[in-house]
Amino acid sequence: MSLRPSVVGLLGGGQLGRMLCEAGAASNAQIAILDADSCSAKQINSNPHHISGSFKDAAKIKQLAAACDVLTVEIEHIETEVLEEIATRGVPVHGADGTNTASTMKRVAVHPSWRTLRLVQDKFEQKEYLRGQGIPIAEQMAIESGGDEGMLASMERASQKFGYPWMLKARKDSYDGRGNFKISSQDDLRRAAQEFGSLACYAEKWVPFELELAVMVIRAEDDAGHLRRVMPYPVVETVHEDSICSKVYMPPRKVSTEVCRKAQAVAIAVAEQLWGRGVFAIEMFLTKDGDIIYNECAPRPHNSGHLTIEAVPYMSQFKAQLTAILDEPLPEVLEPHVESSIMINILGGAHPDSHLPLVEKAKSMYAAKTAVYVHLYGKESKPSRKIGHITVTSFGSIAELERFAEPLLELSSRIRQERLEASIKALRPQAAAAPTVKGSGSGSPLVLVTMGSDSDLPVLKAGIDVLTEFGVPWEIDITSAHRTPDKMAQVARGAAGRGLKVIIAAAGGAAHLPGMLAAYTPLPVIGVPVKATHLDGYDSLLSIVQMPRGVPTATVAINNSTNAALLAIRFLGAFMPELLDKMKKYQAEMEQQVTEKADKLKNMDIEAYLADMRHR
């Protein structure tokens with residue numbers, strides 16, 4: 001019997017991979033990671049089998065598989081064709097002379113199975129398949145893609161079928177609530193077609209749920225693919241804020257034992273219809289009538305299972321993932337060692353150090369029969385980024401534990417509120433970056449950003465972000481050429497005297513605002529044509545670009561406020577050297593990005609490169 005430690009290949013090295021490495025260290029399982037050298041998991045795991053590169057690169061995946069006993073994933077968005085090839089036909093293994101021959105092909109087990117990954121990647125097909133297996137699924141229908149008008153007609157049919165509201169969802173590449181659009185009225189249809197028009201989508205009947213529940217399960221099968229058993233962990237309640245999981249409660253608050261058993265039964269039934277070994281996260285809705293409606297499955301360790309590290313220490317979800325895929329003995333039951341547990345995600349705040357008071361508070365909290373555990377992922381803090389989590393456990397009730405954890409929950413909420421306020425302030429004049437350019441004055445705005453209607457604000461947001469990034473102070477206003485002509489004239493006449501240097505004006509439809517402002521002010525005016533309901537924005541574009549001789553009005557592409565901001569910065573850079581230097585640096589960075597992409601394309605298979613583009 002060989003005592004060589006098993007080598008587990010892992011596609012992806014984020015925080016899930018990091019915690020998988022922590023679990024693997026105790027069992028002498030070597031985990032070889034395909035990801036960037038600076039990824040979270042590699043920071044704590046030195047391994048000669050690691051490979052640097054994209055975990056979506058087919059050639060790199062095969063290279064990793066050749067050195068492994070089994071291959072698994074940290075994220076389900078992997079090209080399944082290469083995984084199918086590895087599992088069914090094998091990968092070449094170098095012989096002693098360095099050559100590859102048919103006789104050195106090695107098949108490597110992939111868990112979860114490529115079949116499961118392929119199914120769950122398309123959420124519509126995933127649910128249609130499970131509906132056929134008797135799983136309770138919300139009503140849904142495919143939405144036509146390939147053009148705004150066809151999509152609009154398809155969405156109209158969904159509205160007639162489901163009534164309002166209903167959910168428009170992307171079939172692929174969505175996670176953490178992203179890729180979802182709530183359709184509350186007919187007014188939402190055009191915007192949804194604009195934002196989701198390039199995506200394959202489906203419509204789902206609105207589920208007025210009371211809570212979101214999740215069950216982690218362990219799926220075991222033999223080498224021939226025959227199911228052995230499915231074991232559920234305790235049911236948890238998940239709380240989502242801003243489309244991100246923020247907290248997890250075990251057991252769910254105010255949920256009966258009967259409902260929990262029902263949720264576990266649905267989770268088991270789902271896992272039984274899938275393929276491969278490992279842990280699977282099954283997410284569900286609980287309605288006010290006590291019904292369980294399946295939402296989606298993640299065939300891997302999951303945010304909702306993090307508290308098992310401390311709550312079920314003998315078989316956390318990460319230890320279970322390794323135990324299952326290596327086909328080692330599993331326990332008979334998965335019972336927590338505590339009565340209750342709460343997991344709080346540490347999400348990046350408005351500032352790089354916003355989360356530190358939360359971490360410090362967690363480290364200082366002690367009480368009888370209660371424990372607090374802090375996990376940090378070694379990631380740079382960015383707004384809303386998952387950079388760690390805190391788990392609190394107790395031998396008391398979930399209500400008692402929630403009271404104990406109130407300081408942590410309050411700090412977490414405070415970080416979120418500051419993050420939201422910072423986002424809102426970014427749309428206000430006083431939120432413009434303090435001027436760093438010479439001669440700009442103390443905090444005086446240099447650029448006026450104005451629009452004919454607040455419906456144009458989403459288009460202008462990208463340009464405002466550019467001005468803020470370059471440190472250009474700005475102010476914002478709504479001035480309609482038709483509804484508030486006197487105000488518009490007053491704003492335009494007074495702009496230069498107030499120290500403004502450039503005006504960016506957005507308008508849709510007839511789009512007279514930029515040209516009218518240009519008629520009243522000596523300052524340069526940059527017009528942003530906005531795509532309105534009719535004519536796809538061409539009316540707006542022509543209205544601005546066709547200004548008569550003597551009233552020059554710069555014009556950018558439809559909805560392209562980014563270029564409007566960059567053009568404004570170039571105007572300012574003509575007499576402000578610091579901005580000129582920043583623009584030169586920006587151009588150099590663009591050139592470097594193109595060069596890096598060209599080099600990457602030369603060294604990658606085209607299909608792998610396209611797949612990587614889709615997942616950026």
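Which residue follows α10 and has a positive phi? That residue is Asp327, with phi near 60°. The model is predicted: local features need pLDDT of at least 70, side-chain atom pairs count only at pLDDT 80 or more, and totals for chains, interfaces and linings use all residues. Residues are numbered from 1 along each chain as its sequence is written, and side-chain values use heavy atoms, with hydrogens and water left out. Helices (H or I, at least four residues) and strands (E, at least two) are DSSP runs, numbered from the N terminus.

**The sheet with β1**

- An open sheet of five strands runs in the order β3-β2-β1-β4-β7, with parallel pairing; two strands pair if DSSP finds at least two bridges between them.
- β3 (51-52) and β7 (109-110) are the edge strands, each with a single partner strand, so one side of each has no neighbour in the sheet.
- β4 (residues 70-73) pairs with β7 in the parallel sense over two bridges, and Val70 stands opposite Ala109 in β7.
- Helix α10 packs on this sheet and touches β1 (7-11), β2 (30-35) and β4, where contact means heavy atoms within 4.5 Å.
- The direction of α10 makes about 145° with that of β4; axes are lines fitted to C-alpha atoms, for helices over the stretch in contact, and angles run from 0 to 180 degrees between N-to-C directions.

- Eight of the nine residues of α10 (residues 317-325) are buried, where buried means under 20% relative accessible area, exposed over 50% and partly exposed in between, with a 1.4 Å probe and protein chains only.
- Among the buried residues of α10 are Phe318, Leu322, Ala324 and Ile325.
- Arg277 lies in the loop between α8 (257-272) and β16 (278-287) and is buried, with a relative accessible area of 5%.
- Not counting residues up to four places away in sequence, Arg277 touches residues including His111, Pro112, Ala324, Ile325 and Asp327.
- The side chain of Arg277 reaches the backbone oxygen of Glu221 at 3.0 Å.
- The side chain of Arg277 also makes a polar contact with the side chain of Asp223 (3.4 Å); a polar contact is a pair of N or O atoms within 3.5 Å, and within protein one must be able to donate a hydrogen and the other to accept it, while residues adjacent in sequence count only if both atoms are side-chain atoms.

**The sheet with β21**

- Another open sheet of five strands has the order β22-β21-β23-β24-β25, again with parallel pairing.
- β22 (474-478) and β25 (554-555) stand at its edges with a single partner strand each, so one side of each is left without a neighbour in the sheet.
- β24 (residues 525-530) and β25 pair in the parallel sense over two bridges, and Gly527 is opposite Thr555 in β25.
- Helix α17 (residues 538-545) packs on the sheet, touching β23 (502-508), β24 and β25, and its direction makes about 160° with that of β24.
- β21 (residues 447-451) pairs with β22 over five bridges, with Leu448 opposite Glu475.

**Nonpolar cores**

- The largest nonpolar core has 29 residues; such a core is a set of buried Ala, Val, Leu, Ile, Met, Phe, Trp, Tyr and Cys residues joined through side-chain atoms within 4.5 Å.
- α18 (561-573) is among the elements giving two or more residues to this core, and α18 gives the most, with six residues.
- A second, separate core of 26 residues includes Cys260, Ala271, Met284 and Ile292.
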